[in-house]
Amino acid sequence: MHTTIYWFCSELDWLRSPTRVTITLHMEKLTVEQKYSDPAVVGFWQRLARQGLQQAEQVVVDRYLSPGGPLLDVGCGAGRALFALSAQGFRVTGIDLSLPMLRAGHQLTRHAAFGGADLLYLPFAGHSFSAAVMFLGPC
């Protein structure tokens, strides 16, 4: 399959206008567990885990979440949002389907609550958290 991608990136000095790139896509279907078990993917997210929230994510936190409240970080991965929210005084529990991602986050700190869980079958009693967040990462 061929597709045309228009790439806009203001951070590259040499790119003054959109560049048209034609690429061939070789896509295969992966489950979430398969994708986030790949060592390269896990390593990428582990390196990114200490970079904190994006500006738009911080706006959401400031506007809608009460400091200190218990939060559930759904799809926490290696802990990027979990670490940032914990540093702001929230009591955060992170859940993810990917055990390799959870291990990567646990390697960064032993003081965070990481757990393997499926969003559809949460292992928590009702009203355990004041809010649940799902931040997808940098764009």
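Let's start with strands S4 and S5, which pair in the parallel sense over four bridges. Within that pairing, Thr93 stands opposite Ala113 in S5. Keep in mind, everyone, that this is a predicted model.

Now let's zoom out to the sheet. In what order do the four strands run? The order is S5-S4-S3-S6, in an open sheet with parallel pairing. At the edges we have strand S5, residues 113-116, and strand S6, residues 131-133, each of which pairs on one side only. From one strand to the next, the twist averages 25°. As a quick reminder, strands of a sheet pair through backbone hydrogen bonds, and that can be parallel or antiparallel.

Next, the helices. Helix H4 lies across S3, S4, S5 and S6, and its direction is at about 175° to S4. Helix H5, which covers residues 99-108, lies across S4 and S5, running at about 165° to S5.

Which elements each supply at least two residues of its lining? They are strand S3 (70-74), helix H4 (80-87) and strand S4 (91-96).

How does the lining divide by residue type? There are 15 nonpolar residues, four polar and four charged.

Thanks, and I'm happy to take questions!

Note on methods: Residues are numbered from 1 along each chain as its sequence is written. This is a predicted model: local features need pLDDT of at least 70, side-chain atom pairs count only at pLDDT 80 or more; totals for chains, interfaces and linings use all residues. Side-chain values use heavy atoms; hydrogens and water are left out. Ala, Val, Leu, Ile, Met, Phe, Trp, Tyr, Cys and Pro count as nonpolar, Asp, Glu, Lys and Arg as charged, and the others, Gly among them, as polar. Two strands pair if DSSP finds at least two bridges between them. Axes are lines fitted to C-alpha atoms, for helices over the stretch in contact, and angles run from 0 to 180 degrees between N-to-C directions. Contact means heavy atoms within 4.5 Å.
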